[in-house]
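Subject: A structure for you to look at

Hi,

Here is the structure I promised to pass on.

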Protein chains: 2
Amino acid sequence: MREDDLLQKLQQFWGITPEIIVPNGDDTLVLKHDSDKLLLLTVDTGLENVHFTTKILSFREIGYRICAGALSDIAAMGGIPLTILVDLEVPPYLNENNIISIYQGIKELQENYHFSIGGGNIVKGSRLRLTITVLGEVEKDYYLTRSGVKNGDYIYVTGDLGRTLMFLDSIYGLLEIDKEVLKILREKFAYPEPRINLMKELKQKYRINAAIDISDGLGLDLSRMAKMSGMDIFIEGESIPLHPEVKKLDFEKKLLLLKAIQSGEEYEVAFSSPDDISHPLVTKIGHAADGTGRIIMRLEGEDKEISQMGYDHLEELNK
Amino acid sequence: MREDDLLQKLQQFWGITPEIIVPNGDDTLVLKHDSDKLLLLTVDTGLENVHFTTKILSFREIGYRICAGALSDIAAMGGIPLTILVDLEVPPYLNENNIISIYQGIKELQENYHFSIGGGNIVKGSRLRLTITVLGEVEKDYYLTRSGVKNGDYIYVTGDLGRTLMFLDSIYGLLEIDKEVLKILREKFAYPEPRINLMKELKQKYRINAAIDISDGLGLDLSRMAKMSGMDIFIEGESIPLHPEVKKLDFEKKLLLLKAIQSGEEYEVAFSSPDDISHPLVTKIGHAADGTGRIIMRLEGEDKEISQMGYDHLEELNK
């Protein structure tokens, strides 16, 4: 089974009350609650041996990374976080100091994003798991969804792509990478930046029509945005933002770009806008036109459809 | 380490924003959000082989039971649920129909409690896990916490106690119980009733000063309520509500009552009130007086301190 197909079937169970403006087919629920702001609610899970191992991340980094991932969903709606809840599954090998380190990692994000830790829940289990619930808010008349891409919009992405996947490939022994460069790749994996403040700033200066957190990779998530908007998206392969140190790696350019498109959990935001945006953290990578949800990337003069390139959480499961 | 000690240490990380009225040391966060209602936010997890197994519960029952447990935290605040998010970890042996059954179990609760399923998140893992986030609301001037017990209050508990633990004891081969009776015990385990509507009704008729969801057993959870209120609580053992079929079991009365006090995940609510409450689903079990957080149970003329009798999620973990 594919994740998107299953989620579509499950939608029969969702959204029965009039308060729900966007059910979290968008990863984040948007909810009216007699206020001039809308509420945002999202939940995200990091699982040992699925999303991380304690061999490659410290406990502090695990706390930071999983929390950043949850905040990233709020960023993609153009909102800000108010408070989070922490649900922690504790395996027998974890001690009290390890748990406090996880919380310290979460707390590192508070300085920039001003949410509170509303509380926590601890359950004894067999593996380390961290589930973060975020309650946030967004302006009533300006929240971002996946379905708002307009004909002629430019497509943008924040930050740089590919470091996460290349770091993991190196860890798994699929790539050999110089230690100093590996540090730079690791930095993005351990301390991704949720784009909350950036999206807020962009919304103030420009019209943003649609946005998505590209946690399953640019290819797959752009294709979700394109499908829900009834658009085709055309990408200029050469324009996909790579980190300078990644560009220098001894790889074919084409391979690097494909890695960047498939790299999951980058916690960057892809968005569409009719405006010409100039910002050091934002790259224009293409444009949208009426269509059927395809993602077409032009690379070395050739067009290639890349719509399904990314990480599907359920693809390997039995039917 | 003990769960309560650890949670106390973690409180240094909680509640930095002025919106937070009660951090979820009460299991449920209470939050101001420019409205005449307060928001409630809670998260609860059910884990395969910790809280249930697929041998003793169907997928539909798993969905129902875990969701009921999360709703129970809202009941203990005197609130109502607005919407829930479903975070599901799917092991390889689960198929699509199993997942839909879990959602159907959750949906069964909608008829009585009118929340919406705001959306879901699915992650591939190794065991079945269901994490339910509930967003609820409560009147600004009448929400219930653990710390409100007043000198002279009566102590009440909803429903009947003990069936959950006796059912599990029987499943684990510790007790031998007649099949027909086992069905009645199982009913409580598979389909616990979150006391949302009952607490709402009681709040309208009576003054309720404090409440707690006794998910870790009456003894341990009452002791939390007593400690946070600076009270001692005196229980008349004989008055603890047992199901009629449980009373008939061939056990010493004392043993039955101790089982009832230790039985976790009953999803009943214990609360304190100065009023004489008469309700078929509510039992007066004792009273409170100024003190230090002890729970003293009178049984066959003898007083016994039972403050720590219950389920501690972390007790077996290493330090």
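**How the two chains are related**

Turn chain B by 180 degrees, shift it by 0.0 Å along the axis, and it lies on chain A with an RMSD of 0.0 Å (the copies are superposed by least squares on the C-alpha atoms of residues with pLDDT of at least 70 in both). That is the relation of a two-fold axis. As background, two copies of a chain are related by a rotation about an axis and a shift along it. Which residue of chain B comes closest to the rotation axis? Ser35(B) does, with its C-alpha at 2.9 Å. The same surface serves both copies, since 100% of the contact residues of chain B recur in chain A (contact means heavy atoms within 4.5 Å).

**Before you read on**

This is a predicted model, where local features need pLDDT of at least 70 and side-chain atom pairs count only at pLDDT 80 or more, while totals for chains, interfaces and linings use all residues. Residues are numbered from 1 along each chain as its sequence is written, chains are lettered from A and ligands numbered from 1 in the order in which they are written, and side-chain values use heavy atoms, with hydrogens and water left out.

**The sheet in chain A**

Helices (H or I, at least four residues) and strands (E, at least two) are DSSP runs, numbered from the N terminus. Seven strands of chain A make an open sheet with mixed pairing, in the order S8-S10-S7-S11-S9-S12-S13 (two strands pair if DSSP finds at least two bridges between them). Strand S8 (210-213) and strand S13 (302-305) of chain A stand at the edges with a single partner strand each, so one side of each has no neighbour in the sheet. From one strand to the next, the twist averages 25 degrees (axes are lines fitted to C-alpha atoms, for helices over the stretch in contact, and angles run from 0 to 180 degrees between N-to-C directions).

You can find both kinds here:

- S8(A) pairs with strand S10 (residues 269-273) of chain A in the antiparallel sense over four bridges, and Ala210(A) stands opposite Ser272(A) in S10(A).
- Strand S9 (residues 231-236) and strand S11 (residues 282-290) of chain A are antiparallel too, with five bridges; Ile235(A) has Gly286(A) as its bridge partner in S11(A).
- S9(A) runs parallel to strand S12 (residues 295-299) of chain A, joined by four bridges; the partner of Phe234(A) in S12(A) is Ile296(A).

**The sheet in chain B**

Chain B also has an open sheet of seven strands with mixed pairing, in the order S8-S10-S7-S11-S9-S12-S13. Its edge strands are strand S8 (210-213) and strand S13 (302-305) of chain B, each pairing on one side only. Strand S9 (residues 231-236) and strand S11 (residues 282-290) of chain B run antiparallel and are joined by five bridges. What stands opposite Phe234(B) in S11(B)? It is His287(B). Helix H2 (residues 59-76) of chain B lies across S8 and strand S10 (269-273) of chain B, at about 175 degrees to S8(B).

**Helices packing in chain A**

Helix H2 (residues 59-76) and helix H3 (residues 96-107) of chain A pack at an angle of about 40 degrees, with axes 6 Å apart. That makes H2(A) oblique to H3(A) (under 35 degrees counts as roughly parallel, over 145 as roughly antiparallel, 65 to 115 as roughly perpendicular and the rest as oblique). The contact residues include Gly63(A) and Tyr64(A) of H2(A) and Ser101(A) and Ile102(A) of H3(A).

Helix H5 (residues 163-171) and helix H10 (residues 253-262) of chain A pack at about 100 degrees, with axes 7 Å apart. That makes H5(A) roughly perpendicular to H10(A). Leu165(A), Met166(A) and Asp169(A) of H5(A) meet Leu256(A), Lys259(A) and Gln262(A) of H10(A).

The axes of H5(A) and helix H6 (residues 179-190) of chain A come within 8 Å and cross at roughly 120 degrees. That makes H5(A) oblique to H6(A).

Enjoy exploring!
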